[in-house]
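Some labels in a structure description rest on a number and a cut-off. The questions below ask what stands behind such labels.

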Amino acid sequence: MTRVKLAPSLLSCDFTRLGEELQAIAGADSAHVDVMDGMFVPNLSFGLPILAAARRATSLFLDVHLMVERPERYLRDFAEAGADGLTVHVEATPHVHRAVGAIRELGRRAGVTLNPGTPLEAVRPVLGDVDLVLVMSVNPGFGGQRFLPASVERVRTLRRWLDEIGSAADVQVDGGVTPENARMLADAGATVLVAGSSVFGPDGAAAGLARLREALA
């Protein structure tokens, strides 16, 4: 079975200790950076300065999830600030093919995602063009939400579609990921798990990461 990669979500970390938190997750495969504009989702999060600060503090792959309207306007800025991968929502742009192509032209890994209420068919036309498909297992905008069980079947369907076209793209899951459901998601075909509150807990991020690794072992 493919080794499942872990991507702690910085949305749940202590930003007064950003450098230390990044050091605590140095054993992860990447760090997930959620960018929210208060329009596409009902919340605001960090932008370019925080991403640039994270880039200076870590050599981890920085996986940037753009929950913003018309993300194609910002792709170059986020790439230059330190993003290694950029993921856009099909609902946020009328030109998802163009956005994915622009990410590739910037030399970054291209990802696509969709909200839980959006039919999976919406991403099918671009599956052959992306490196990653993100399954949102909560409604995007806030950390700490409860996992939506229907996400498991969405993961399984996407993995099948990707296999059918011979794509090795990752299937990433973000939202409510815990040691209790990590194995189930991996068995369904997920290859990257994003986890926020279950990593950045009261006993520290390194311990939270270790619990997820143990659950997947």
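What follows is a set of questions and answers on a predicted model.

Q: Why is Leu-22 called buried?
A: The relative accessibility of Leu-22 is 1%. Buried means under 20% relative accessible area, so Leu-22 at 1% counts as buried. Leu-22 is found in helix H1, residues 18-24. Leaving aside residues up to four places away in sequence, Leu-22 touches Leu-10, Ala-31, Ala-54, Ala-57, Thr-58 and Leu-60.

Q: How many of the residues in the protein are buried, as a percentage?
A: Buried residues account for 53% of the 217 residues.

Q: Why is Arg-70 called partly exposed, rather than buried or exposed?
A: Arg-70 has a relative accessible area of 36%. Buried requires a value under 20% and exposed a value over 50%, with partly exposed in between. The 36% of Arg-70 falls between these cut-offs, so Arg-70 is partly exposed.

Q: Where does Arg-70 lie, and what is its phi?
A: Arg-70 sits in the loop between S3 and helix H3 (75-81). Its phi is positive, about 50 degrees, although Arg-70 is not a glycine.

Q: How do you know which residues and strands line the second largest pocket?
A: A lining residue has an atom within 4 Å of a pocket point. For the second largest pocket there are 15 such residues, and Ser-30, Phe-61, Arg-109, Leu-132 and Asp-170 lie nearest its centre. At least two lining residues come from each of strands S3 (61-67), S4 (85-89), S5 (109-114) and S7 (170-174). The volume of this pocket is about 180 Å³.

Q: What classes of residue make up the lining of the second largest pocket?
A: The lining has 5 nonpolar, 5 polar and 5 charged residues. Among the residues nearest the centre, Arg and Asp count as charged, Phe and Leu as nonpolar, and Ser as polar.

Q: What share of the contacts between residues at least 6 apart in sequence joins residues at least 24 apart?
A: The share is 63%.

Definitions and conventions
Residues numbered from 1 in each chain as written. Predicted model: local features only at pLDDT ≥ 70, side-chain atom pairs only at ≥ 80, totals over all residues. Heavy atoms only, no water. 1 Å grid on protein atoms, 1.4 Å probe; cavity = no way out; pocket = protein on both sides within 12 Å on 5 of 7 lines; lining within 4 Å. Points joined across faces, edges and corners; volume = space filled by probe spheres on them. Helix = DSSP H or I, 4+ residues; strand = E, 2+ residues; numbered from the N terminus. Buried < 20%, exposed > 50% of the residue type's maximum accessible area, 1.4 Å probe, protein only. Contact = heavy atoms within 4.5 Å.
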